[in-house]
Amino acid sequence: MLRTMIAARIYSTRCFNLQRQGRLGTMAPVDGNEAVVVGTTYALQPEHDWIFPQYREQYALGRYGDEVIRRHALYLAGHPEGSNYPAGLNVFPCQISLAAQVPHAVGMAWGLMRQGLAGVAVAFFGDGASSEGDFYEAANFAAVIKAPVVFMLVNNGWAISTPTSMQTAAVTFADKAAAFGMPGVRVDGCDPIAVWEVVTAARARAVAGEGPTLIEAVTHRLGHHTTADDPTRYIPVEQLAAARAADPVPTFAAQLRSVGLWDDELQADAEAAANAVIDDAVDQALARPLAPDAFFDHVFAQPTPRMRRQRAQLLELEAEGRS
Ligand SMILES: Cc1ncc(C[n+]2csc(CCOP(=O)(O)OP(=O)(O)O)c2C)c(N)n1
Ligand SMILES: [Mg+2]
């Protein structure tokens with residue numbers, strides 16, 4: 001788990017720096033959420049269980065295979081293949097439209113249930129996304145049909161510059177579960193073992209046919225919302241410093257060192273292994289020539305006449321150097 005968390009931080013930092021150099025597109029760092037994502041994936045069975053991420057989790061889904069990192073690097077470099085995952089990789093692509101992935105997860109869970117397949121769907125979504133109607137509709141429906149789904153609400157205290165005090169009048173986000181008739185659990189999202197425990201229990205409940213669970217994982221955003229943000233405009237510097245003091249990656253490493261399960265050699269090995277995968281994924285994504293009209297290939301199997309016209313128009317503008 002720690003190796004995956006370390007890899008996630010290295011990859012997130014690399015992408016942030018490459019965006020600053022103008023070589024990758026806008027990205028949302030995972031920094032501060034590594035423990036909740038990694039703790040969750042280690043409680044799952046990647047060959048049976050589906051992940052529906054928001055946009056901050058891809059860096060830490062390494063347990064689902066290095067292919068997630070390779071596809072995500074392509075996505076950040078502007079290639080549509082980065083959102084087109086191969087069969088067998090049970091991860092949905094990045095979702096920018098807040099909470100749209102939550103009904104998708106419930107639909108997948110319902111499908112698994114109807115086919116008698118022993119898997120669960122896990123939807124990651126933020127405190128901000130939890131204010132969308134999609135969440136309420138999906139959670140209500142899932143509870144009624146007892147769908148094998150885990151709602152992983154990651155409360156990092158902010159939705160861009162909106163603090164949780166402006167997001168909900170409920171005492172906790174987990175409290176909302178009562179109205180749906182499902183258990184609501186609040187967990188320290190900076191502690192991967194605690195997350196692993198609650199997700200293991202939620203998964204067991206789901207596959208036993210007992211229905212969904214709402215988990216509120218409390219984390220801290222360590223910095224930028226995305227590369228298009230400046231958190232120092234709205235987060236007091238003391239709060240940012242306090243969040244960094246609770247950084248889950250060095251905290252977990254120190255915990256494992258204190259019981260003799262981690263040392264400098266393991267740290268160096270984890271970093272080298274992560275860098276090898278990340279170097280390769282980033283190099284390949286940056287080396288691939290950009291085809292600005294390629295996204296038309298990934299909208300409909302049969303392009304509409306309007307899309308064909310738009311594609312031709314785009315290529316004309318490209319040829320004139322005006323796109
Ligand atoms: C439907 C919709 N409305 C607004 C936005 C703009 N938006 C992008 S990220 C974001 C904040 C989301 O906060 P949260 O769900 O807490 O996730 P976090 O970024 O904190 O991980 C907003 C409002 C959007 N992407 N989609
Ligand atoms: Mg948030």
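**Note on the ligand 1 site**

1. An N or O atom in the side chain of asparagine 156 lies 2.9 Å from an oxygen atom of ligand 1. This is a predicted model, and the distance is a value computed from it.

2. Two further polar pairs involve the ligand. Tyrosine 55 places a polar side-chain atom 2.6 Å from an oxygen atom of ligand 1.

3. The shell around ligand 1 consists, by class, of seven nonpolar, six polar and three charged residues. There are 16 residues around the ligand, and those that come nearest are Tyr55, Arg56, Ile96, Gly128 and Ala129.

4. As for the location, ligand 1 takes up the space of the largest pocket.

5. On confidence, the chain has an average pLDDT of 96, and 100% of its residues score at least 70. Strand 7, residues 213-218, has the highest mean pLDDT among the elements of the chain, at 99. The lowest mean, 91, belongs to helix 8, residues 237-245.

Terms used. Residues numbered from 1 in each chain as written. Chains lettered and ligands numbered in written order. Predicted model: local features only at pLDDT ≥ 70, side-chain atom pairs only at ≥ 80, totals over all residues. Heavy atoms only, no water. pLDDT = per-residue confidence, 0-100. Helix = DSSP H or I, 4+ residues; strand = E, 2+ residues; numbered from the N terminus. Near = heavy atom within 4 Å. Polar contact = N/O pair within 3.5 Å; in protein donor to acceptor, adjacent residues only side chain to side chain. 1 Å grid on protein atoms, 1.4 Å probe; cavity = no way out; pocket = protein on both sides within 12 Å on 5 of 7 lines; lining within 4 Å. Sits in = over half its atoms within 2 Å of the grid points. Nonpolar A, V, L, I, M, F, W, Y, C, P; charged D, E, K, R; others polar.
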